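This briefing is intended for a reader who will examine the sequence and the coordinates side by side. Please consult both while reading the points below.

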Amino acid sequence: MSDSTAGDDWEWLSRARRGDPDAYGLIVRRYQTAVFNVCYRLLHDRAEAEDAAQEAFIRAYTRLETFDLERPFGPWIKRVAANLCLNRLEARPPAAVELDEERDRAPDGDPESAHEQTESAQAVRAAIASLPPRYRAAIELRHFQSLSYAEIAAALDLPLSDVKSHLFRARRLLAEKLKRET
């Protein structure tokens, strides 16, 4: 995050703490896509991800006084969203995951190559979706949100060693699942 982004966040969060809803709206607009992406990759349902993202911002707003303004807001709101989604996943029974068909369309070009790319992408998404929630969260935060191991540890409230273990096991499970598919 650039220094100007951090400065804007600090100013907007300070104003939001003083009761300025427009300032918090600016924060929401800045991070809404990243938060939705975390929720969608964990929940695999667009409507549920939208609800979870909205709930994450509401929870963050109600806890804004506890947020340390010296820290970046992005990882914190992603942690709120990830934990909210993990709670939802752990509360429901395992079920088949439906993937968003719109995202499964391959780019124009060679039809055979496009079909293979689409199948490969679908297999990877299905394999990730089938991981246990904690492993799925670690993969999402590392590979799709580009968080560091330390940021993942903070986001999931885990020791660094557990994050490394979760990622190792998740990658191993993914490799096994994808190998069985081919």
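The model is predicted. Helix α4 covers residues 73–91, and Lys-78 and Arg-88 both belong to this helix. A search of the whole structure finds 8 salt bridges, and some of them form a network that involves Glu-48, Glu-55, Arg-59 and Arg-88.

**Helix α4**

- The 19 residues of α4 should span 27 Å at 1.5 Å a residue, and the separation of 27 Å between the end C-alpha atoms therefore agrees with expectation.
- Among the buried residues of α4 are Phe-73, Trp-76, Ile-77, Val-80, Leu-84, Leu-86 and Leu-89.
- The buried set of α4 also includes Gly-74, Lys-78, Ala-81, Ala-82 and Cys-85.

**A buried lysine without a partner**

- Lys-78, a residue of helix α4, is buried yet has no salt bridge.
- Leaving aside neighbours within four places in sequence, Lys-78 is in contact with Ala-34, Val-38, Gln-145 and Leu-147.

**The salt-bridge network**

- Side chains of opposite charge can pair when their charged atoms come close.
- Arg-88 forms a salt bridge with Glu-48, with the closest N and O atoms 3.8 Å apart. Since Arg-88 lies in helix α4 and Glu-48 in helix α3, this pair ties together parts that are 40 residues apart in sequence.
- Arg-88 also meets Glu-55 in a salt bridge, at 2.9 Å from N to O. This second pair links distant parts of the chain, with Arg-88 in helix α4 and Glu-55 in helix α3, 33 residues apart.
- Arg-59 forms a salt bridge with Glu-55, and the closest N and O atoms are 2.9 Å apart. Because Arg-59 and Glu-55 are 4 residues apart in helix α3, about one helical turn separates them.
- Glu-48 is buried, at a relative accessible area of 18%. Arg-88 is partly exposed at 23%, as are Glu-55 at 26% and Arg-59 at 28%.

**The second largest pocket**

- The second largest pocket holds about 240 Å³ of space. Two elements, α4 and α7 (149–156), each give two or more residues to its lining.
- The largest share of this lining, 4 residues, comes from α7.
- The residues lining the second largest pocket include Pro-75, Trp-76 and Arg-79, together with Ala-150, Glu-151, Ala-154 and Ala-155.
- Thr-66, Phe-67, Asp-68, Arg-71 and Pro-72 are also part of the lining.

**Two loop residues**

- His-44 is located in the loop between α2 (21–43) and α3 (46–62). His-44 counts as buried because its relative accessibility is 12%.
- Although His-44 is not a glycine, its phi is positive, at about 60 degrees.
- Most residues other than glycine have a negative phi.
- Pro-132 is situated in the loop between α5 (111–129) and α6 (133–144). Pro-132 counts as partly exposed, at 39% relative accessibility.
- The C-alpha atoms of Pro-132 and Leu-86 are separated by 9.9 Å, although these residues are 46 residues apart along the chain. Leu-86 is one of the buried residues of α4.

Key:
Residues numbered from 1 in each chain as written. Predicted model: local features only at pLDDT ≥ 70, side-chain atom pairs only at ≥ 80, totals over all residues. Heavy atoms only, no water. Expected span 1.5 Å × (residues − 1). Buried < 20%, exposed > 50% of the residue type's maximum accessible area, 1.4 Å probe, protein only. Lys, Arg positive; Asp, Glu negative; His and termini not counted. Salt bridge = Lys/Arg side-chain N within 4 Å of Asp/Glu carboxyl O. Contact = heavy atoms within 4.5 Å. 1 Å grid on protein atoms, 1.4 Å probe; cavity = no way out; pocket = protein on both sides within 12 Å on 5 of 7 lines; lining within 4 Å. Points joined across faces, edges and corners; volume = space filled by probe spheres on them.
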